[in-house]
Amino acid sequence: MVPYPSHTKALVLAKAPSPSSGHVYDAVIETRPVPALKDGEVLVRMAAAGFNHKELWQRDNQYPNTTVGSVLGSDGAGIVIAAADPNDPLIRKRVFLVPTLGWESDPIGPERVFSIRGGIPAGGTFTEFVTIERSQVIVVPDYLPLVYAAAWPVAGVTAWRAVTVKGEVKAGDNVLITGIGGGVALVALQLCVAIGARVFVTSSDPAKIDRAIELGAVGGVMYTEEKWPSQLGKLLKTHGAHSADLSVIIDSAGGDISGKTMKLLRHGARVVCYGLTASGSINFTIREVLKNIELKGSTMGSRQELIDATAFIEKHRIVPVVSHVLRGLEEAEQGFEILRQITIMER
């Protein structure tokens, strides 16, 4: 029997001590009491937590509903070491936390007020121990190490909804994924390849295109090149497709993505946008309407969609891509710096 911990160390959002910190808010380690379990709750000893851009945006006051004093982190995995019910079958199970709050199963959208775990009153993952409703954890597939499981939930549910629910990707489709190298884009690539689609990618970094090809992409083009759409058209022809045979675009940038790829899109193609990293708007004109193009927005996903996505990666033995591993909360500042450098490179 594992002793019930009295306290936990956690990475907490705090007021910055001075403008020289470089952020609006600071991130500090605090020791906090571990609350007693209520009915229906379990205690998870965290083994790994994953960084997202969200944590950096929260420190810079660029994310809504951020609460000073809350524990950071949306992604995390660990082991259930206690439960309100001493006979709970989840005890000793490896689990990850559901990052989306207020969205259980409705395919249209959240049933209640929606939020994302961490940086709000709901407990984040950057901590040693988490008390949580048992319904808000999902068992980690046996083949997947906890470090990789911790990198799965946010990117996994976002990519799954964009690819399967909104994009309706099927075997044989030609799919374009923009901005490959980001966490969601990489998972979307892995999902599309497992489905049996032919995937093409864009990036500003040749190394990221090469890595995408290693993961199963057919090929890629540099979006920094002015003529990248025509280069993509040649790639489609080289690999046996028609010049206007893109079925789906999974996009993180926004802007004039459909206009730039209009000649490559087949009638009835779907353009799914889950982010606006390049522009705060998306251009959609009568040209797209006359070609029956569908523009679909996609944000995160439900708990049920995450369960479905996890069953899919278990079937196909998909392992999320992890770029860096840091040791302990004491190294968290390195994580913020890595995110900051990635953000600079993506601009």
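Phe51, Phe126 and Phe336 form one aromatic cluster, where rings of Phe, Tyr and Trp (its six-membered ring) are taken to pair if their centres lie within 6.5 Å, with planes under 30 degrees apart counted as stacked, over 60 as edge-to-face and the rest as tilted. The model is a predicted one, in which local features need pLDDT of at least 70 and side-chain atom pairs count only at pLDDT 80 or more, while totals for chains, interfaces and linings use all residues. Residues are numbered from 1 along each chain as its sequence is written, and side-chain values use heavy atoms, with hydrogens and water left out.

**The sheet**

- Five strands, in the order 8-3-4-5-9, make up an open sheet with antiparallel pairing; strands (E, at least two residues) and helices (H or I, at least four) are DSSP runs numbered from the N terminus, and two strands pair if DSSP finds at least two bridges between them.
- Strand 8 (129–133) and strand 9 (137–139) stand at the edges with a single partner strand each, so one side of each has no neighbour in the sheet.
- On average, and with direction ignored, neighbouring strands of this sheet are turned by 45 degrees against each other; the axes are lines fitted to C-alpha atoms, for helices over the stretch in contact, and angles run from 0 to 180 degrees between N-to-C directions.
- Strand 4 (residues 75–83) is joined to strand 5 by three bridges, the two running antiparallel, and within this pairing isoleucine 79 stands opposite arginine 94 in strand 5.
- Strand 5 (residues 94–97) is also joined to strand 9 by three bridges, again in antiparallel fashion; here phenylalanine 96 stands opposite isoleucine 138, and leucine 97 has valine 137 of strand 9 as its bridge partner.
- Helix 9 (residues 303–316) packs on the sheet, where it touches strand 5 and strand 9, and its direction makes about 15 degrees with that of strand 9; contact here means heavy atoms within 4.5 Å.

**Aromatic pairs and charges over rings**

- The structure holds four aromatic pairs, and one of them, phenylalanine 51 with phenylalanine 336, is edge-to-face, at 5.1 Å centre to centre and with 80 degrees between the planes.
- Because phenylalanine 51 lies in the loop between strand 3 (41–50) and helix 1 (53–59) and phenylalanine 336 in helix 10 (residues 332–346), this pair ties together parts that are 285 residues apart in sequence.
- Phenylalanine 51 is partly exposed, at 26% relative accessible area, whereas phenylalanine 336 is buried, at 2%; buried means under 20% relative accessible area, exposed over 50% and partly exposed in between, for a 1.4 Å probe and protein chains only.
- Tryptophan 160 and phenylalanine 312 form a tilted pair, 5.3 Å centre to centre with 55 degrees between the planes, and since tryptophan 160 lies in helix 3 (residues 153–166) and phenylalanine 312 in helix 9, the pair ties together parts that are 152 residues apart in sequence.
- Both tryptophan 160 and phenylalanine 312 are buried.
- Arginine 59 lies over the face of phenylalanine 336, at 4.6 Å from the ring centre, and lysine 54 lies over the face of tyrosine 63, at 5.7 Å; a charge sits over a ring if NZ of Lys or CZ of Arg is within 6 Å of the ring centre and within 35 degrees of the ring normal.

**Two buried helix residues**

- Arginine 161, found in helix 3, is buried with a relative accessible area of 2%.
- The side chains of arginine 161 and glutamate 305 are joined by a polar contact of 2.6 Å, a term for a pair of N or O atoms within 3.5 Å, of which, within protein, one must be able to donate a hydrogen and the other to accept it, while residues adjacent in sequence count only if both atoms are side-chain atoms.
- Residues up to four places away in sequence not counted, arginine 161 touches several others, among them Trp103, Pro107, Ser298 and Met300.
- Leucine 186, in helix 4 (residues 183–195), counts as buried at 11% relative accessibility.
- With neighbours within four places in sequence left aside, leucine 186 is in contact with Ile180, Gly181, Leu215 and Val321.

**Loop residues with positive phi**

- Asparagine 61, in the loop between helix 1 and strand 4, has a phi near 55 degrees, a positive value in a residue other than glycine, and is partly exposed with a relative accessible area of 44%.
- Arginine 92, in the loop between strand 4 and strand 5, has a positive phi of about 75 degrees although it is not a glycine, and is exposed at 72% relative accessible area.
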